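Open the model in your viewer and keep the selection panel at hand.

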Amino acid sequence: MSDHSSSEHSSSLGLYFLIWAALLAGTGLTIFAATVNLGPFNAAVALIIATTKALLVALFFMHIRGASEKLLKLVVISTIFFLFILLALSMADFGTRLWS
Amino acid sequence: MADSTTMAAPTEGHNPALLHHFAEPQQQRDAASLGMWIFLATEVMFFGGLFCAYLIYRLKYFGEFAAASQQLSVKLGGTNTVVLICSSLTVVLAVWAVQHAKRTLLLGSLVATIILGFCFLGIKAVEYREKFEKHHVPGPSFQFANVPVPGHPDLMANPYHAQMYFSLYFVMTGLHALHMIIGIGFFAWLLWAAYKGRFTPEYYTPLEMGGLYWHFVDIVWIYLFPLLYLIDLRK
């Protein structure tokens with residue numbers, strides 16, 4: 001076995017269980033945070049926790065972190081970028097509609 | 001002119017899992033991953049449109065969205081979140097098992113994934129049933145009278161605005177559930193193929209692609225849960 005294939009298989013079971021525990025903790029945290037009065041920041045905190053969980057899943061379970069192909073990382077980053085354009089431009093429109 | 005059958009015939013030391021138009025297994029795996037990620041990009045944009053609609057109506061009708069959201073059971077939604085996270089773990093265990101040629105763990109993880117998938121759909125069915133019983137399904141029989149807006153005991157929620165929340169709830173969770181059904185079907189096929197011994201540490205591309213799909217569906221739920229179930233619960 002070459003170094004290449006051994007590094008590709010390097011994700012250990014311990015790491016997977018650690019990420020799993022972190023995701024469960026994140027779920028508990030998001031339910032708890034929803035019941036605390038943070039004023040206008042409740043939604044922001046919920047989204048930050050959700051995004052952290054999504055990143056953990058993408059990086060470790062979907063193996064983005066160990067991906068050798070740069071083109072693949074480009075696809076992932078451009079997906080997030082286009083989603084951002086979709087949401088940000090729609091919000092810029094909706095938020096500045098003085099007539100509705 | 002060389003005969004095409006002799007060209008396609010495996011040469012000495014040829015990896016049977018390596019298709020002839022790829023130079024090496026790594027290139028074949030990267031090509032499959034790239035295609036799958038482009039498909040997932042279209043899925044992100046597809047769900048993104050729904051999230052955008054949700055965001056706009058939530059800003060517009062925040063009080064009604066909070067009132068309607070609190071008709072959902074955080075217990076059931078939270079349980080489903082845990083079920084999906086556990087299923088994502090069993091999926092990575094399946095991939096790890098095939099990489100290390102551990103057949104029992106592979107088959108066990110795939111069975112566990114399918115069972116957890118059915119658990120999710122079962123809990124979802126219980127929630128949908130409750131919505132039908134309470135007349136919270138958008139349509140002619142929709143009822144949402146005399147429900148106060150959270151934080152404003154004297155202000156009653158507008159049923160038409162609450163109906164908007166439930167429309168988005170059913171479309172988003174319904175599409176997510178459809179993805180779960182497709183995922184369970186695909187994993188049932190993976191289980192059959194794994195049972196037949198089709199996957200080896202050198203070739204397990206379908207399992208890896210199925211895993212990417214399953215994790216994506218998990219990520220969608222990670223966003224749906226706080227956005228649909230946890231609006232304005234603060235005391």
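Which residue just after α3(A) takes a positive phi? Select His63(A): its phi is about 60 degrees.

First, the ground rules. This is a predicted model, in which local features need pLDDT of at least 70 and side-chain atom pairs count only at pLDDT 80 or more, while totals for chains, interfaces and linings use all residues. Residues are numbered from 1 along each chain as its sequence is written, and chains are lettered from A and ligands numbered from 1 in the order in which they are written.

Now select residues 42-61 of chain A, helix α3. Helices here are DSSP runs of H or I, at least four residues, numbered from the N terminus. At 1.5 Å a residue, times one less than the number of residues, its 20 residues should span 28 Å, and the end C-alpha atoms are 28 Å apart, which agrees.

Next, colour the buried residues of α3(A), among them Asn42(A), Ile49(A), Lys53(A) and Phe60(A). Buried means 20 or more other C-beta atoms within 10 Å of the residue's own; exposed means 12 or fewer; C-beta atoms are placed from the backbone. Look down the axis: the buried residues fall within an arc of 125 degrees, so they line one face of the helix. The face turned away carries the exposed Ala44(A) and Leu55(A).

Show the packing partners of the buried residues: α2 (13-35) of chain A, plus α4 (74-99) and α7 (205-229) of chain B.

Finally, select the chain contact (C-beta atoms within 7 Å). The contact takes 35 residues from chain B and 35 residues from chain A. On the chain B side, α2(B) gives the most, with 13 residues.

Definitions and conventions:
Helix = DSSP H or I, 4+ residues; strand = E, 2+ residues; numbered from the N terminus. Arc of directions from axis to C-beta. Contact = placed C-beta atoms within 7 Å.
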